[in-house]
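Biologist: Got the file open. Can you walk me through part of the fold?
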Amino acid sequence: NFTDCYFKNNYASSGGVIATYNTIANIQNCIFYNSSAERFGGVIYSIKSSFNIKNSNFGLNYAKYAGAIYSNSSEFNLKDSEFNLSQAYSFGGVIASFSSQFDINHVNFNDYASLSDAGGSIYAIGGTLNVADSSFKNGSSDFGGAICSLKCDSVISGSQFINNSATYYGGSVYNMYGSIELAGNIFENSY
């Protein structure tokens, strides 16, 4: 368990702060600042693990893939948290999810980017993505300025998408092959 922790200026090949395999982790009231990874997950690299993250702040994080969180065959419950100034050179400016389950509630994503691929904030392939009462502001990528969902079952409700852009398709949200349900969302200045 991680409670009331402050992580600054951390680096690793994958998982700049935390790398897990077959693990259950609870993170509450923590700050992750200026962490990076050469490959996957500027802050977290998760394989077959379960994370509960609450009341935490992620700022100025970077990786080649998944600026903050890389997840493969894992479960994430994100609540009442914030991600600021997160980038990935390739997919998933903040989160890259492969065959994972993400439940995101009351989370703010600000100033994020996939510099050369998809999912300015979230890149999800396979698995499920549930987003509720969250905000996505000032993001960019080639596909899905905020969210890119591929072969994934996605439900996005009560959320705001403001000032997001894509070079090719999906200024805010890009979906292909999987199912997607949008309800009660606000989209402003997407292109």
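Modeller: Let's start with Phe32, which sits in strand β6. Strands here are DSSP E runs of at least two residues, numbered from the N terminus.

Biologist: Is Phe32 buried or exposed?

Modeller: Phe32 is buried, at a relative accessible area of 0%. Buried means under 20% relative accessible area, exposed over 50%, and partly exposed in between, with a 1.4 Å probe and protein chains only.

Biologist: What does Phe32 touch?

Modeller: Leaving out residues up to four places away in sequence, its contacts include Phe7, Val17, Ile18, Phe58 and Asn61. Contact means heavy atoms within 4.5 Å.

Biologist: Before I go on, what are the ground rules?

Modeller: The model is predicted, so local features need pLDDT of at least 70 and side-chain atom pairs 80 or more, while totals for chains, interfaces and linings use all residues. Residues count from 1 along each chain as its sequence is written, and side-chain values use heavy atoms, without hydrogens and water.

Biologist: New topic. Which strand does β6 pair with?

Modeller: β6 (residues 31–33) pairs with β10 (residues 57–65), parallel, over three bridges. Two strands pair if DSSP finds at least two bridges between them. Ile31 has Asn57 as its bridge partner in β10.

Biologist: And how many bridges link β7 and β10?

Modeller: Three, in the parallel sense, with β7 covering residues 36–40. Ser36 is bridged to Tyr62 of β10.

Biologist: What about β12 and β10?

Modeller: They run parallel, joined by six bridges, and β12 spans residues 75–88. Asn57 is opposite Glu82 in β12.

Biologist: Last one. What separates the C-alpha atoms of Phe32 and Phe51?

Modeller: 15 Å, with the two residues 19 apart along the chain.

Technical notes: Helix = DSSP H or I, 4+ residues; strand = E, 2+ residues; numbered from the N terminus.
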